[in-house]
Structure formats: C-alpha cells, structure tokens
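Please look over the sequence and the fold below before reading on.

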Amino acid sequence: METLLPTSVRIPKVLTIAGSDSGGGAGLQADLKVTTALGGYGMSVITAITAQNTLGVTRIQDVDLDVVEAQIDAVFSDIGVDVVKIGMLASPEIVQTVAKTLRKYGVKQIVLDPVLRATSGASLGGDDTAQAMIKELFPLAYLITPNMDEASLLLGRDITSPDDFKLAAQELLDMGPQAVLIKGGHLDATHTQITDYLLWRTIEDNLEVIQSKEFKHYRVKTVNTHGTGCSLSSAIATYLAAGHDLSHAVAKAISYVEAGLEAGCFLSIGEGPGPLWHMHDFYPTALLDEKEKR
C-alpha cells in the first residue's frame, strides 16, 4: 500500500558522543534534549556511564572501546550525520577510538566540548586525556568550546579573566581546530556581565584570515546551571547542522541557553544545583506575577 506521507523532508541530524548523566541534566541526555528542542534529530554514542545527580558524580564506568566504535559505525552506516558533537571522553583510549572512527567517515563538522571536570569538581578525564584530545581530536575539530577551567588545563596555565581570552584562544587555535570559543561563565560572581570569545579561521580571496568576535551577555541569577556547557555546544552543533554560519550559530546558541537558565530559575529539581530548562519554548515555567517581578 502506498503511503501518502512525504519521505524527503530534511531534518538536521546531530550525533552526540558523550557520557550518560543519570540525573538527566548534562551529558548526552542534555544534548538530545537540546537537539530536539531546536528542531533536529539527535543520535547518541555512549562513552561512559556516570552515576550522578544534582549533588555530584559518585561513579564512572567507561564503555568498552569496541562498543564505542560499533555505536559510531551503526549511526553512520545507516542514518548519516550532519554534525558531530563530542562531550565527555574519560580516557585517552576512548579519545583515540573516537578519533580513528570519525576519520574513517571523513566527518567535516565536529564540535568538541573538552569536558575534563564536572561543575561539582569531579574529574572526568586527567591530563593524559587532555593531551590525547589535543593530539587526536583538535586537528579534526571544526570548533572547540572550553570554559575557563578547561582552557587552563589544556594550556597548563591559569585563565582568569576576559583579558586572557584572546591569547589563550590563539594558542588553542594553533593546536589545530578551525575555531575556538572560550566561555566566560566561570568568572566569579562579581562579574555581572559574561564575555565569550570566538576566534576562527576563514578563507577570503583564497587566503586564510583569522576573525574574532566577543559575545557579551548578562549573568542569569540562578543556582540551576547544571549542564550549561553541554547544552551550549549541542545548540551550536544543531544550528550548524541547520545551515547557520558559525558566528550566527554561536549567538543563537547563547540566546537559547540564556532563556533556559531564566526558565530554570523557577524549577526545583534535586537538592543541589539543578539543570537549566531545555524545553522552555514548549513548557514555560514562570508564573505571570513572577515574570512581572523580574
């Protein structure tokens, strides 16, 4: 029997390669929520299983290397991928396996969020993992999105203020990626304005040109910030998959995360810092009188 449904509608396809967060606020759970909220089709490769909630991470179990590779093969061999987003890779061996498999498929757009430490402070990958990322994944990456702590770990020195961002981004760009976004959300609370710094390579008249842009935005007053970094990089990946240029994708992703933080202010999920609200466009959380107070 012939179907009357269309079969050629294009939907942006984003593959997240990341760890599982049992609390649902970060990791691949957050990635899939973001991609869905922004109109994409999300797929996942689980690299590690974490036992965590809003209070912290209590256990991490890496997934076997052949299983990681098999998951990537399964997605690429059937569904296909527009953009790959990479999050938590807890060991150098997992980094090497992911890089080897992605090279096999010639992936052009990879957004790498070099997750090395949870917001709670728990280590999600040591210096060996960081060095493996630099060697294996930075040359493949279209964009890397370290926060200030991760940039410090990758460069081996403290990045403490927006004044450090330009040089740090240039040094990270020299390590191989096409673009670097240093996120300023970890600035201390005395900074009411946050600066994110984007540096990227582009081609003009057959010559490589380095461009930069600062994104300044206000700090949302909330303790519910779990999964912010995962969500931002996934939003960028989804907007890229939908055809937006890099600068526009970053700007739209920042706006999406800001709205999620605003909506998350009104939620009580867990005993510790909860997540932003990924589905704010579909399920508003603020009561009318609370909105008016703000």
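What percentage of the 294 residues in the protein do buried residues make up? Buried residues make up 50% of them, where buried means under 20% relative accessible area, exposed means over 50%, and partly exposed lies in between, with a 1.4 Å probe and protein chains only. This is a predicted model, in which local features need pLDDT of at least 70 and side-chain atom pairs count only at pLDDT 80 or more, while totals for chains, interfaces and linings use all residues. Residues are numbered from 1 along each chain as its sequence is written, and side-chain values use heavy atoms, with hydrogens and water left out.

**Overall make-up**

- The protein has nine helices and nine strands, which are DSSP runs numbered from the N terminus (helices are H or I with at least four residues, strands are E with at least two).
- Of the contacts between residues at least 6 apart in sequence, 66% join residues at least 24 apart, a contact meaning heavy atoms within 4.5 Å.

- Eight of the nine residues of strand S1 (residues 13-21) are buried, so S1 is largely enclosed by the rest of the structure.
- S1 pairs with strand S2 (residues 41-53) in the parallel sense over nine bridges, and Ala18 stands opposite Ile46 in S2; two strands pair if DSSP finds at least two bridges between them.
- In helix H1 (residues 27-37), the residues Gly27, Leu28, Ala30, Asp31, Val34, Thr35 and Ala37 are buried, and the buried residues of H1 pack against S1, S2, strand S4 (83-86), H7 and H8.
- After H1 comes Gly39, whose phi is positive, near 90 degrees.

- Helix H3 (residues 92-105) and helix H4 (residues 127-137) pack at an angle of about 15 degrees, with their axes 8 Å apart; axes are lines fitted to C-alpha atoms, for helices over the stretch in contact, and angles run from 0 to 180 degrees between N-to-C directions.
- H3 and H4 are therefore roughly parallel to each other, given that angles under 35 degrees count as roughly parallel, over 145 as roughly antiparallel, 65 to 115 as roughly perpendicular and the rest as oblique.
- The contact is made by Pro92, Val95, Gln96, Ala99 and Arg103 of H3, together with Asp128, Thr129, Ala132, Met133, Glu136 and Leu137 of H4.
- By class, the residues of the contact of H3 with H4 are six nonpolar, two polar and three charged, where Ala, Val, Leu, Ile, Met, Phe, Trp, Tyr, Cys and Pro count as nonpolar, Asp, Glu, Lys and Arg as charged, and the others, Gly among them, as polar.
- Six of the eight residues of helix H5 (residues 148-155) are buried, so H5 is largely enclosed by the rest of the structure; the buried residues are Met148, Glu150, Ala151, Ser152, Leu154 and Leu155, and what covers them includes H4 and helix H6 (165-173).

**Helices H7 and H8**

- The axes of H7 and helix H8 (residues 246-264) come within 8 Å and cross at roughly 140 degrees, and the two helices are therefore oblique to each other.
- Thr228, Ser231, Leu232, Ala235, Ile236, Tyr239 and Leu240 in H7 meet Leu246, Ala249, Val250, Lys252, Ala253, Ile254, Tyr256, Val257 and Leu261 in H8, and this contact has 13 nonpolar, two polar and one charged residues.
- Cys230, found in helix H7 (residues 228-241), counts as buried at 14% relative accessibility.
- Leaving aside residues up to four places away in sequence, Cys230 touches Ala26, Gly27, Asp31, Lys85 and Asp113, while Cys230 and Leu28, 202 residues apart in sequence, are 8.1 Å apart in space, C-alpha to C-alpha.
- Ala259 lies in helix H8 and is partly exposed, with a relative accessible area of 30%; Ala259 and Asp281 are 22 residues apart in sequence and 8.7 Å apart in space, C-alpha to C-alpha.

**The loop between S8 and S9**

- Asp205, in the loop between strand S8 (193-204) and strand S9 (207-218), has a phi near 55 degrees, a positive value in a residue other than glycine, and counts as exposed at 74% relative accessibility.
- Asn206 is found in the loop between S8 and S9; Asn206 has a positive phi of about 65 degrees although it is not a glycine, and is exposed, with a relative accessible area of 74%.
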